[in-house]
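Please read them with the coordinates open.

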Amino acid sequence: RADVLPLWQYFMQKAGPERPIDRITPEFAEALLLHDWPGNVRELSLLARKIAVLVDPEEMLDADRLPAAMG
């Protein structure tokens with residue numbers, strides 16, 4: 001779990017360098033950390049790519065932007 005947030009930042013940078021990687025709320029970070037990630041790193045990478053495409057780069061990412069399956 002210690003690698004989740006650094007990996008999130010890496011995948012967001014890779015998805016779009018213009019994306020501010022630190023624009024996440026504590027609730028968003030907590031949801032990332034508490035998720036079991038059954039799809040492993042690929043699941044996290046896919047989520048970052050989806051969010052990078054669907055969300056305005058200036059938007060603060062809150063837990064409501066995460067899939068319902070993540071709780």
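This is a predicted model: local features need pLDDT of at least 70, side-chain atom pairs count only at pLDDT 80 or more; totals for chains, interfaces and linings use all residues.

The points below run from the overall fold to single residues.

1. Every value below is computed, and local features are drawn from residues with pLDDT of at least 70.

2. **Fold.** The chain has 3 helices and 0 strands. Its pattern along the sequence is α-α-α. The helices are H1 (4-15), H2 (26-34) and H3 (40-54).

3. **Dimensions.** The C-alpha trace spans about 30 × 20 × 20 Å along its principal axes.

4. **Contacts.** Residues 24 or more positions apart account for 73% of them.

5. **Burial and surface.** Of the 71 residues, 34% count as buried.

6. **Charge.** The chain carries 8 positive and 12 negative charges. Their mean positions lie 9 Å apart.

7. **Core.** The largest nonpolar core holds 19 residues. Trp-8, Phe-28, Leu-32, Leu-47, Ile-51, Leu-61 and Leu-66 touch the most other members. Helices H1, H2 and H3 each supply at least two residues of this core. H3 gives the most, with 5 residues. In soluble globular proteins, nonpolar side chains tend to be buried together.

8. **Phe-28.** Which residues does Phe-28 touch, leaving aside those up to four places away in sequence? They are Trp-8, Ile-51, Leu-61, Asp-62, Ala-63 and Leu-66. Among them, Trp-8, Ile-51, Leu-61 and Leu-66 are also listed with Phe-28 as the core members that touch the most others.

9. **Trp-37.** Please look at this backbone angle. Most residues other than glycine have a negative phi. Trp-37 has a positive phi of about 55° and is not a glycine. Trp-37 sits in the loop between H2 and H3. Is Trp-37 buried or exposed? The relative accessible area of Trp-37 is 11%, under the 20% cut-off, so Trp-37 counts as buried.

10. **Asn-40.** Here is another backbone angle to check. Asn-40 has a positive phi, near 60°, and is a residue other than glycine. Asn-40 is found in helix H3, whose range is 40-54. Relative accessibility is 53% for Asn-40, over the 50% cut-off, so Asn-40 counts as exposed.

Conventions: Residues are numbered from 1 along each chain as its sequence is written. Side-chain values use heavy atoms; hydrogens and water are left out. Helices (H or I, at least four residues) and strands (E, at least two) are DSSP runs, numbered from the N terminus. Buried means under 20% relative accessible area, exposed over 50%, partly exposed in between (1.4 Å probe, protein chains only). Contact means heavy atoms within 4.5 Å. Lys and Arg count as positive and Asp and Glu as negative; His and the chain ends are not counted. The place of a charge is taken as NZ of Lys, CZ of Arg, CG of Asp or CD of Glu. A nonpolar core is a set of buried Ala, Val, Leu, Ile, Met, Phe, Trp, Tyr and Cys residues joined through side-chain atoms within 4.5 Å.
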